[in-house]
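Please consider the following points on the model below.

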Amino acid sequence: MDPVITSLKNPLVRDILLLQEKSRARNRQQAIVIEGIKEISLAAGAGIAFRKVIYQPSLMDGDRVRELCGSAGTGADFVSVSESVYAKISYRESTGGVVVIAEKPESSLADLPVGPEAVFIILEAVEKPGNLGAICRVADAAQASGLIVCDPRTDIYNPNAIRSSLGCVFTVPVVTSDFATAQEWLKSHRITSFAAELTAAEWYHQTDLSGRIALVFGTEATGLTAQWIAGADHRIKIPMGGVIDSLNVTTSVAIITFEAMRRRGFGMDLTAKGRR
C-alpha cells in the first residue's frame, strides 16, 4: 500500500510548493512539477523520468495512476494524499487528481534535428510563461523542428508554461541558448534566419521560406533587439490592415510558422490527422 500524507506541514508538501514557486529550487534539485492528466501523459510519452507521483485516491486510484505514468513511473515513489493536501498542492481542480515531481529535461542546440527542410522557432527574451506555453502548442501543432528560447527571462519549465502548453513543452524539442551561441549554430548548419519585425521591407507571404530556416520573434512589449535584427538574414512582417500595427507574439508565430509548413505540405496526412 502506498504511504498516505494528511498533514499540510509534511516536508513533501513544502517541497512541491517550493518547486512550483521558485525556479532556483527547480534548478538546484533538477526537478519540475507536472500536474494534469494530459500533461503527465505527454511527459511520460516523451520519456521524462518521474521521481514522485502524488495522487488523491477519490479522484484517481493507485492502479489508474500507475497506468497513466507507464514506464516513466518505474522507480518513482507513489504517495497518496488527503483531499486537503491535494487542494493545497494542485493549481486547479481539473487536474484529475495527480501531481508529479519529475527530472528536469536537459537538452541543447546540439540535440536538435536539422533536416533539409527544418523549421525552427526562436524566441528572444520571452518573459511570460503563458506566451511560452502557447507557442509550444503552436510548435507542436505545426510540427516545427524545435523551439529555441534565447536569453529567456522565465524558466521554460515554469508550471504556468507547462500548463498553458498542455504538456506540449514535452512534445517539441525545446532548448535555451544565448544570442552568440545561437548565431554560431545557425551559421554552422546553414540555417537561414528570418526576423519578424515591424519595419521590415519583406512580407512574410512573399518571402522564400524554403530550406532550413529559423523564424525569430521578440517580446510583445519591445520586439526584437537590434542584435537579432542585424544578425538575421531576412526581415519580414505580417500585413496589418487595421488601426493597430502588430499582433500578439503567439498569433504572429502561428501565422508565419504555419505558412512555412504549408509550403512544405505540412508534412502530415491531413485527412487522417497524422503526424510526421
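1. The model contains four aromatic pairs, where rings of Phe, Tyr and Trp (its six-membered ring) pair if their centres lie within 6.5 Å; planes under 30 degrees apart are stacked, over 60 edge-to-face and the rest tilted. One of them is stacked, because the rings of Tyr157 and Phe170 have their centres 6.2 Å apart and their planes at 15°. Tyr157 lies in the loop between strand S7 (146–150) and helix H7 (159–164), and Phe170 in the loop between H7 and strand S8 (174–177), so the pair ties together parts that are 13 residues apart in sequence. Helices (H or I, at least four residues) and strands (E, at least two) are DSSP runs, numbered from the N terminus. Tyr157 and Phe170 are both buried; buried means under 20% relative accessible area, exposed over 50%, and partly exposed in between (1.4 Å probe, protein chains only).

2. The structure is a predicted model, in which local features need pLDDT of at least 70 and side-chain atom pairs count only at pLDDT 80 or more, while totals for chains, interfaces and linings use all residues. Residues are numbered from 1 along each chain as its sequence is written, and side-chain values use heavy atoms, with hydrogens and water left out.

3. Phe258 and Phe266 make a tilted pair, at 6.4 Å centre to centre and 50° between the planes. Phe258 is partly exposed at 29% relative accessibility, and Phe266 is likewise partly exposed at 21%.

4. Which residue lies over the face of Tyr91? Arg163 does, at 3.4 Å from the ring centre. Lys237 lies over the face of Trp203, at 4.7 Å from the ring centre. The criterion is NZ of Lys or CZ of Arg within 6 Å of the ring centre and within 35 degrees of the ring normal.

5. Gln30, in the loop between helix H2 (23–29) and strand S2 (31–35), has phi near 50° and is partly exposed at 29%. Ala125, in the loop between strand S6 (119–124) and helix H6 (129–142), has phi near 55° and is buried at 9%.

6. Seven strands form an open sheet with parallel pairing, in the order S8-S7-S6-S11-S9-S12-S10; strands pair if DSSP finds at least two bridges between them. S8 and strand S10 (202–203) are at the edges with a single partner strand each, so one side of each has no neighbour in the sheet. S6 pairs with strand S11 (residues 213–217) over five parallel bridges, and Leu123 has Phe217 in S11 as its bridge partner.
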